Structures are given as structure tokens and as C-alpha cells.
Amino acid sequence: MKYNLQLTFQYGLTIFLSAFLLFQVQPLIGKIILPWFGGSASVWTTCMLFFQATLLFGYIYSHWIVKALNPYRQSILHIALLLISLSLLPLTASELWKPTGSENPTLQILGLLFASIGLPYFVLSTTGPLIQAWFARERTGGIPYRLFALSNFGSMLALLAYPIAFEPMLPTQWQSYCWSALYVVFVLTCAILAWRNRNSVALVEAEKELVPAPPASRLFIWILLAACPSILMVADTSFLTENIAPVPMIWVAPLALYLLSFIICFEGSGWYQRKLFLPLLVAALFILAYLPTLGLNELPVIISTGINLFSFFVICMVCHGELASQQPNSRYLTTYYLMLAVGGVMGGFFVGVIAPYWFTENYELSIGIVLTGIVVALVFLSNSRFKTTQLKVLTTAGIASFLVLISVIRIDDHSHDVAGIELSHRNFYGTLKVYVDKARGYKTMQHGQISHGSQFIDPAKAQEPTTYYVRESGVGQAILVKNQSNQPIKVGVVGLGVGTLAGYARKGDDYRFYEINPQVIDAAQKHFTFLSNSPASIEYVLGDARLQLEQEPNQQFDVLVIDAFSGDSVPIHLLTKEAFTHYFRHLKSDGILALHITNRFLNLIPVVKTAANAFNQDIKVISFAASENKVGYRSEWALISKDKKAFRDIQFINAQEIEDSKGFTLWRDDYSSLLSIIK
């Protein structure tokens with residue numbers, strides 16, 4: 001059959017554009033709405049759920065349109081959808097969806113995404129299976145499943161290009177304009193192909209061939225093989241950030257490997273070989289099961305992360321390789337992709353919705369590991385021919401023993417995690433734990449890998465500030481300077497933690513805490529006494545601090561503390577020019593803005609220095625080394641004051657002046673780049 005290169009290029013360009021735009025819009029819309037929901041990593045997880053669910057509906061549409069409509073009606077309907085989707089350009093998110101603090105974040109985000117990008121994303125999601133069905137109908141001599149590899153290549157390129165090229169170079173608004181322009185090009189190319197196929201009959205003739213439909217058991221296997229890598233991709237990303245290295249954007253690596261395995265397996269050159277990858281799978285499952293007890297924090301980050309990602313990639317290669325080896329006749333192409341989408345959504349729904357609200361611990365990675373072993377074992381045993389019954393029994397027994405082994409490892413590890421825990425809660429914002437260290441004599445609140453504060457068990461020392469907030473720290477010195485006036489002061493704190501800063505409060509003082517997670521407020525009140533024993537007036541404001549400060553009248557704070565940057569998910573919206581505008585509006589003329597910038601992986605000094613310069617304010621950085629008793633943690637605080645003259649005269653301990661960061665661009669709501677501050 002003659003190979004039509006020109007026509008293949010047209011199909012390839014359309015499917016490449018659709019995949020590129022699909023994965024460009026994900027970080028773009030995520031960046032737009034992230035500030036509205038406190039910068040939580042769960043925002044991205046919820047976005048992923050929306051994207052996977054919309055992809056499923058797109059595949060259902062593609063399956064239905066190919067099976068139920070003739071080529072002419074297919075073309076007319078799809079061209080109409082393409083044209084209607086243009087009405088939602090340019091891409092944006094309505095501020096009517098901004099939360100007030102009491103809504104369910106998951107439902108709010110899903111509704112916002114549906115209203116903002118639902119139709120364009122739906123149209124893009126239909127392209128993969130639909131274009132491949134049209135490609136098969138054309139009988140160009142090409143292999144339609146190779147277009148799936150090209151689609152995943154476009155997705156991976158978009159994924160890598162956004163943080164490297166688009167985010168550092170363009171503000172969000174211009175990113176939206178560029179995306180919208182490319183979307184118009186996609187609509188044009190896709191509409192041309194749809195119109196071209198209006199009179200095609202090739203696929204109709206092919207459907208007259210007697211090709212048996214895949215049995216229900218085969219469809220179920222396709223779903224499970226697609227679900228396992230989907231579960232592990234999100235769950236392993238969470239494990240990496242919480243247990244190995246909370247490096248910003250580390251989610252890019254697992255997702256890129258996930259897409260790379262699709263490209264390799266569906267390219268058609270036979271890269272996946274069972275005799276190589278199945279033994280590697282055994283090792284990979286054991287490694288992932290044993291990682292939490294291996295003490296990876298003591299290994300170099302590159303080595304520990306490399307071990308994890310290699311194991312994850314092997315699992316993706318096996319699952320996607322088995323899927324690629326079961327590609328059906330092109331008559332059932334849309335059915336095949338529909339099952340893959342169902343599996344992906346099931347995995348995303350399990351991690352994004354079921355796990356945060358049903359589990360008190362991070363069990364999803366363990367479930368994904370064991371489930372993957374079971375599914376691949378079933379596929380292997382059902383497709384293998386054994387010379388003797390005895391060999392089959394021995395093989396089955398060996399596989400079962402291995403699955404029991406990794407299950408026992410994970411169960412034992414989780415049992416150690418809950419030992420000695422006084423409180424363990426989980427919601428949209430992550431897992432919150434309170435545990436008692438009797439040997440050292442204090443109680444600690446932990447959120448993932450980040451400490452939210454500790455308190456001495458001894459009642460005589462219970463109100464003494466600890467961890468990042470000791471008296472020698474930047475925030476400790478700022479509050480103590482204001483306390484010298486012997487007049488009541490008002491302190492605002494973004495990020496409650498255990499309420500440590502209330503240890504500085506005196507009678508008549510007013511402390512106002514802004515906290516987005518209601519479980520943190522509950523835990524601080526019930527399991528710690530900084531707040532209950534404080535002589536000051538204590539107020540709580542539930543919701544994202546930036547949104548609350550925007551809406552409130554001038555609070556006239558003597559000290560405003562911004563304490564939200566020590567974890568992996570840095571809330572960028574609290575570091576922009578617009579955010580600093582609100583901070584300074586709420587400060588007294590001689591007030592001090594204290595920003596906690598301690599971070600192992602990010603250098604936030606250029607960000608706060610550039611912002612201070614933009615508002616013509618003085619800034620000092622105060623560093624404190626960890627104390628010997630481990631109660632006072634190493635900390636770095638930036639203090640900014642509107643009263644430049646008085647601020648210069650204050651003798652802070654370990655204070656240092658900061659040189660201007662040449663070439664660093666002031667962060668704004670529509671522009672920021674984490675790449676520019678990675679250490």
C-alpha cells in the first residue's frame with residue numbers, strides 16, 4: 001500500500017498540537033487558580049482529576065461518534081464543536097469562582113475548571129482516538145497506533161517546555177494569549193481533517209470484516225493496566241516530595257517518565273520485552289515497597305530520587321508495554337482508548353478524592369504497588385503456556401509469595417508510622433499528625449515532612465517559643481522589639497501551626513491568626529496550650545490569608561508574620577507585588593513585616609529584596625543556627641519595615657544587609673518563576 005507522507009503529516013500535526021495544548025493548559029490554568037486555594041499541592045491533584053475525567057468524556061464522545069454516526073454527520077458535529085469552543089477564548093478564569101473559605105475546595109476547583117476551560121479541553125481530549133480512527137479510515141499506509149506515541153511526545157514536550165521556557169519568559173496573560181492562538185491553529189487543522197473525512201467509506205467497509213470483539217475480561221484488564229500507573233504516578237510524586245526531597249515541581253519527573261513509557265511502548269519498534277522487564281518489575285516493586293524503611297533521607301538526594309524514579313519507570317514500561325501488545329483491530333480502536341481513559345480516571349479518582357477523605361494515612365502508594373503486582377501477575381499467568389502443571393503451580397506459588405512479601409512490608413511500615421501518634425488527620429490540604437517525643441520532652445505537629453511547631457510537655461516551659469520561633473529568631477526579635485514599648489500590640493500571623501507565637505503575647509495584646517486548614521486550628525486548640533494559656537486576645541480567620549487580607553479593612557498590625565514558605569508547595573501568591581501591597585496596607589507606619597524564608601531548596605532572598613525595593617522599604621535578613629537541644633531550629637527571617645529611620649537604629653542579633661539582585665524580576669500575580677530561585 002502506498003504511504004501518503006503529506007496526509008500523514010497533516011494528521012500528525014493535528015494530533016501533536018492537541019496533545020501539546022492539553023499539557024500546556026494544565027500548568028497554565030493551575031498557576032492561575034493556585035493562589036485562590038492557598039497554594040496547596042492538592043490543587044494540582046484535583047486539577048489532574050478534572051483533566052482525566054474530561055479526557056474520559058472525550059474518549060466516550062469519540063467512541064460514540066465513530067460507532068453511531070456516519071462520516072458526514074461526524075464531520076458536521078465535530079466542526080460545530082470546534083467552532084463553539086472558540087467562543088471561550090482567550091483562556092481565563094472568572095474571579096466569581098474565588099473561594100471565601102467555607103467551600104469544599106475539591107468541588108469549587110472542579111466547577112471553576114468546568115466553567116473556564118471545560119469545552120476547549122473536552123474538544124482537545126477527543127482528538128487522539130478520533131483522529132486515529134479517521135487516519136485508519138484514510139488507509140494511508142501508516143499505523144494509527146503510532147499516532148498515540150506522537151501524541152504522548154507532544155504532551156511530554158509541553159510538560160517540559162512550560163517551566164523551562166513559557167513560565168520564566170511570559171506573564172500569565174501572555175501565556176494565555178499564546179495558548180489561545182495555538183488553539184485557533186489546532187481548530188483550523190482539525191476542522192480541515194473533519195471536512196476531508198465527510199465522504200470517507202473506508203472504515204465502513206472495514207467494519208464489514210468479521211473481527212471478533214474483545215471479551216469483557218480483556219476490557220477489564222485494559223482498565224486495570226491503565227489504572228495502576230495512574231495511581232502510582234500521583235502517589236509516588238507525593239512520596240518523593242514528602243519523604244525524599246520537597247523540591248518544587250518534582251511532579252514533572254514522574255509524569256514525564258509516565259509519558260515516555262507510552263511513547264516507547266506505542267512507537268511500534270518492540271522496545272518492550274517481557275524477558276527483560278518482568279524481572280526488573282520484581283525488583284522495582286520490592287524497591288518501592290521497601291523504600292520508606294530504607295532510610296533514604298540519609299542518602300544523597302540524586303541517588304534516592306534516582307532509585308525511586310527508575311523503579312517507577314519500570315512499572316510504567318511493563319503496564320504500558322502489556323497494553324501496547326494487546327492493541328485490537330482498528331475497528332475497536334476507540335473502545336481500546338476508552339478503556340485506557342477509564343483506567344486513568346479510576347486511578348486519579350482514587351488518589352485525588354477517595355484517599356484524602358477516607359484515609360488518615362498515605363496508603364495509596366502501598367495499594368498501588370500491591371495492585372500493580374496482582375494485575376501484572378494475572379496478565380502473565382493468563383498469557384503464558386507452561387510445559388507442565390507442576391511448573392505452573394510452582395510459578396503461581398512463587399508469585400503469590402512475592403505479593404504477600406511486599407504486602408507484609410507495607411503493612412509493617414504503616415504500623416510503625418502510626419505508633420506513638422496522638423493525632424492523625426487527613427484532608428484536602430494533606431496529612432496532619434501530632435506526636436509526643438517523651439525522650440526530648442516535647443510535643444510536635446507535623447504536616448508531611450514539615451514541622452508546624454513544637455511545645456514543651458513540662459508546664460513550666462510550655463509557653464516558651466520553640467523551633468523556628470525562638471527568641472533569637474528574626475520573628476522573635478521583631479515581636480520583642482515591639483513589646484519594649486509596654487503598650488498593647490497587634491500581631492497578625494499567616495499560618496497558625498501550633499500557635500507558638502502566642503507565647504510572646506501579653507495581657508492586652510491582640511493576636512490574629514490566618515489559617516486555611518480547619519484541622520490545624522482544631523489540633524492547635526486541643527493538643528497544644530500556646531493559645532489556650534495566652535493572656536492576649538486570640539482571633540482566628542479561616543481561609544486563604546491573601547484573600548482575607550484583600551477583603552478586610554486596615555488591621556493596623558504592629559507586626560505581620562508571613563509563615564508559609566518552608567514546604568515544597570510554596571504559595572507564590574503570597575510573594576507577589578500585589579500581596580505586598582496588602583501587607584503594607586495592614587501595617588502601622590512603624591510596623592514590621594516578618595517573612596519566614598527558611599527553605600532547603602529555594603533562595604527566597606531575591607524575591608523579598610526586590611519586593612522591598614519596589615515599595616522603597618528597608619529589609620534585613622536574620623539567620624539563626626539550630627540550638628544544641630534541637631528545640632530551636634535553624635531559621636532565616638526577612639524583616640521589612642515602613643519606618644526606615646527607626647528600623648536602621650534597631651540592633652537585631654545576626655542581622656545582615658542584602659545586596660540588590662541584579663536582573664531579578666519582581667514577582668507579580670501574572671509572573672513568577674521558581675526556576676530562578678532554586679538553590
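## Strand pairing and helix packing in a predicted model

Strand S3 (residues 442–447) and strand S4 pair in the antiparallel sense over six bridges, and across this pairing Gln 446 stands opposite Ser 451 in S4. The structure is a predicted model, and the values below are to be read with that in mind.

The pairing of S3 with S4 belongs to an open sheet of four strands, ordered S1-S2-S3-S4 and paired in the antiparallel sense. Strand S1 (421–427) and strand S4 (450–456) stand at the edges of this sheet, and because each has a single partner strand, one side of each is left without a neighbour in the sheet. From one strand to the next, the twist averages 10°. Strands of a sheet pair through backbone hydrogen bonds, in either a parallel or an antiparallel arrangement.

Parallel pairing is found around strand S8, which is joined to strand S5 by four bridges and to strand S9 by five bridges.

| Strand pair | Sense | Bridges | Example of partners |
|---|---|---|---|
| S5 (residues 490–494) and S8 | parallel | four bridges | Gly 492 and Leu 560 |
| S8 and S9 (residues 587–596) | parallel | five bridges | Val 559 and Ile 592 |

How many of the residues of strand S8 (residues 557–562) are buried? Six of the six are, so S8 is largely enclosed by the rest of the structure.

Turning to the helices, helix H3 (residues 71–85) and helix H6 (residues 172–196) pack with their axes 9 Å apart and at an angle of about 170°. As angles over 145 degrees count as roughly antiparallel, H3 and H6 are therefore roughly antiparallel to each other. On the H3 side the contact is made by Ser 75, Ile 76, His 78, Ile 79, Leu 82 and Ser 85, which meet Tyr 183, Phe 186, Val 187, Cys 190, Ala 191, Ala 194 and Trp 195 in H6. By class, this contact of H3 with H6 holds ten nonpolar and three polar residues, with no charged residues.

Helix H6 also contains Thr 172. Is Thr 172 buried or exposed? Its relative accessible area is 9%, which means that Thr 172 is buried, the cut-off for that class being under 20%. Leaving aside residues up to four places away in sequence, Thr 172 touches Leu 28, Lys 31 and Ile 32, as well as Asp 669, Asp 670 and Tyr 671.

Definitions and conventions: Residues numbered from 1 in each chain as written. Predicted model: local features only at pLDDT ≥ 70, side-chain atom pairs only at ≥ 80, totals over all residues. Heavy atoms only, no water. Buried < 20%, exposed > 50% of the residue type's maximum accessible area, 1.4 Å probe, protein only. Helix = DSSP H or I, 4+ residues; strand = E, 2+ residues; numbered from the N terminus. Pairing = 2+ DSSP bridges. Axes fitted to C-alpha atoms, helices over the stretch in contact; angles between N-to-C directions. Parallel < 35°, antiparallel > 145°, perpendicular 65-115°, else oblique. Contact = heavy atoms within 4.5 Å. Nonpolar A, V, L, I, M, F, W, Y, C, P; charged D, E, K, R; others polar.
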